[in-house]
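Dear colleague,

I am passing a structure on to you, and I would be glad if you looked through it slowly before reading my notes.

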Amino acid sequence: MAGVRILAVVVLVGWIQLTWGSCQSGLFGDSCSYSCHCETSCDVTTGACSGECDKGWTKGGGLCQKQNIALKKTTSTASGVYGNWYPSNAVDGDSDIAGSPRTCFHAGKSPSDWTVDLGRDYQLYDIRIYSRDTFYWRNANSDIYLNNDTSNICSTLPNSTSTPNPTDVTCNGTGRQVTIMKQGPGGTDGYASALNICEVEIYACSPGIYGVNCDTFCHCLNSSCDRLTGFCPGDCRPGWQGQRCDTACNNTNYGTSCNKTCAWRKCLATNSSCDRRTGACDTGCLPGWIDEDCTQKCAIGKYGANCSGLCSDRHCSGKSSCDHVIGTCDFGCEAGWMGADCKYDCDSKHYGPNCLGACSSRHCLRSSSCNSAGACDSGCETGWRLADCTVPVKCSDGRYGPGCSQVCSSRNCITQSFVCDVTGTCPNGCRDGWQNVDCRTPCPSGKYGSNCSKSCDSRQCETAQTTCDHVTGTCTAGCREGWIGADCTEMSPVTSGVIGGAVVMVVMLLLIGGLMICLLRAGRLKWIPPNGTESRKTDTGYTGEISAHAHISGVNDPDYSELNDVTREREEKSQYDVIQNKVHENNQI
C-alpha cells in the first residue's frame, strides 16, 4: 500500500508541476514549496535525490525529508561533566563512538541526565542514540521524557543484553525539551556508571511530509500533519481537501480546503478556467470586481473595469452614490455631460444635462455658439426666453395654449414631455385614439386607433355595437366567425385560406376559357353541335380558292389554307366512296 500511495503522490505532483512549470534549483513539488535537501538538485516533480542528503537529513523512500532536529541545538546537564566530555558533544554531528572527549558526553556523577532544547515543539517519533563503544551499559535502562516532566516518559533504553549500537527507540509525543535520565548508585565515583553518550539524533519530517520514513505528502495549511496518520489539524492549503489534504479540488471548487465555488466568481467570460488554488479568471474580471479570482468589489471611491474609474472624476448632478460596477449618477449629469457615469462631454450639436438639448432647437436672436448650457450669445428671438431660448415667453414652464391654460403633461403624445411649445404640438404624433396638434381631442364618433384612421363600421363584431372605444375599437361581445383581434378586423387563417382557394379556382377557369377561345380562333379547335354532326355549307362551284370571309373572322391566311386542305381531302374521299359502292353493285348483278 505504501508503494501505491507514493506512486499516486508522484503522479499527482507531476500533474501539478506540468501546470505550474519548473521550479528553481533546490525546490520541487506543489507550487515549488518543498526543499530538496540533497547535495545535488532533486527531481522537480517527485523530489527524489539521486545522491546523498544534506548534513542532518536522512533519506527515506528516495526523499531527503527526514531531519535530525537535535543537530547543533542547545544542550545541558544537571549532573556535571566528567573532564571535557561536554553535553554539546552529543549534538555536534559527529557520531564517532571511539570514546574521544571531543565527540562524546560523559556525566560527572550519578544519577545523571542530558537534555536538548529543540527550539520549539515537534511531533516526535524516532530517536537514535550512539553510546560510547563497549560502554552501552552506562546508558542502558535510561528513561527518555519530554518537556522536563519526569512523568511524561515516552521511551526507555533497553538493557545491555544484545542491544545494538546505535540504538533506535520510539518516542511518540510532542515536545520541545528531550531529556535522557539514568538512575545510578551515587557517591563520588558515580561517574563510572553515569551517562556516556556520543551522539543523539532526533528525527522529524519536513512540513507537508509524514510517515515513518517521511516519504508521503500532505498539504496542511500553516501546520504539519500527524507524523503517522498524515491528518491535518486544521485547513488544507489552497487547492487541496480531505483529512490528509492530499486530494486535489474538483473543477468546480478552489482555494483553502476547496471551500470556494468557481461559479461565484465574477469573471469576464462565463467559460473562464478556474485554477484550483487561486480561482484565477484567465479572461479577467467583470467591471466592478478585482482580485485574482474576481470576487472582491472595487474599493470605495472606485468603479468599472479593473476598478480604474474614480468616482470623483464624474460630473453628477447633485450628491450621488457611486455604484462599484458602472458608477451610475443617481440624478443624472451636470450640464454638458452624458453617460451613466457622466464622464463623456456633449458633442458640438448638443448641450445640457445628459446632452438632451439640441443646439438647433434653440431660438437664438442671431447665429450663436452652443456651450454646455446652450446659452444664446445675443439673446433670444421674440417670444422665447431662458438662457437657451427654448421656452416661449407667453407661458410658464409646463403650460401652453390660450391664456397658458393647458398643461403640457396632460397631452397624449407618443413621446410624453413635461415641456412643450406655445402650441402644445406633439412632435412625434399622438397616441392611438387622439388627434389634433396637442393630442388632447379624442377621435370623433365612429373612428378609433392611430390618427383616428380606423372606422368602427368596418369591424366584424359578433353583435351590433352601440359603443366604439376611441383608442382600441374593442368588440366587447367578441368577433364574428372568421375574424379575430380586439377590434375584429383581422381575418382568421381558416377564412383566409377558403377565400384564397376560391380566387385560385376563378383564375384557373378564366385561363382555360381564354385558351379555348384562342384555339377556336386559330382553327385548331372546332365546335361540334350536340347532335354530333358537323355543320358545313356545300358549294358545288368550289374552286379551292380561299374565301374572303377568312379575313373577316380574323384568322390569318396560313391557318385558313390549312383548314381548306383538310376539307378538300374529306370531299374527295366521299366521292371515291360513291364510285366504289357502284362498282360493287354491278358485280353483284
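**A buried serine, and what lies around it**

Ser-272 is buried, because its relative accessible area is 11% and buried means under 20% relative accessible area, exposed over 50% and partly exposed in between, with a 1.4 Å probe and protein chains only. Please keep in mind that this is a predicted model, in which local features need pLDDT of at least 70 and side-chain atom pairs count only at pLDDT 80 or more, while totals for chains, interfaces and linings use all residues. Residues are numbered from 1 along each chain as its sequence is written, and side-chain values use heavy atoms, with hydrogens and water left out.

Ser-272 sits in the loop between β17 (260-261) and β18 (289-290), where strands (E, at least two residues) and helices (H or I, at least four) are DSSP runs numbered from the N terminus. If its neighbours within four places in sequence are set aside, Ser-272 is in contact (heavy atoms within 4.5 Å) with Arg-265, Cys-267, Ala-280, Cys-281, Asp-282 and Thr-283.

**The chain as a whole**

The secondary structure of the chain comes to four helices and 35 strands, and 34% of its 589 residues count as buried. Among the contacts with a separation of 6 or more, 40% are between residues 24 or more positions apart.

**The cores**

A nonpolar core is a set of buried Ala, Val, Leu, Ile, Met, Phe, Trp, Tyr and Cys residues joined through side-chain atoms within 4.5 Å. The largest one has 29 residues, of which Trp-114, Leu-118, Ile-127, Val-178 and Ile-202 touch the most other members. The strands β7 (112-131), β8 (143-146), β10 (167-182) and β11 (196-205) each supply at least two residues of this core, and β7 gives the most, with seven residues. Not counting residues up to four places away in sequence, Ile-127 touches Ile-144, Thr-167, Asp-168, Val-169, Cys-171, Val-178, Val-200, Glu-201 and Ile-202. A second, separate core of 14 residues includes Cys-38, Cys-42, Cys-49 and Cys-64.

**The disulfides**

How many disulfides does the chain hold? The count comes to 29, where a disulfide is a pair of cysteine sulfur atoms within 2.5 Å. One of them joins Cys-53 and Cys-64, with sulfur atoms 1.9 Å apart, and this link is left-handed, with -80° about the S-S bond. The pair links distant parts of the chain, since Cys-53 lies in the loop between β2 (34-35) and β3 (57-60) and Cys-64 in strand β4 (residues 63-68), eleven residues apart. Cys-53 and Cys-64 are both buried.

Cys-285 and Cys-294 also form a disulfide, their sulfur atoms being 1.9 Å apart, and the torsion about their S-S bond is about -80°, so this disulfide is left-handed. Cys-285 counts as buried because its relative accessibility is 15%, and Cys-294 is buried because its relative accessible area is 1%. In the disulfide of Cys-298 and Cys-307 the sulfur atoms are 2.0 Å apart, and here the torsion is about -90°, so this link is left-handed as well; both cysteines, Cys-298 and Cys-307, are buried.

**Two exposed residues**

Is Leu-511 buried or exposed? Leu-511, whose place is in helix α2 (residues 493-521), counts as exposed because its relative accessibility is 60%. Cys-518 also counts as exposed, because its relative accessibility is 53%.

With kind regards
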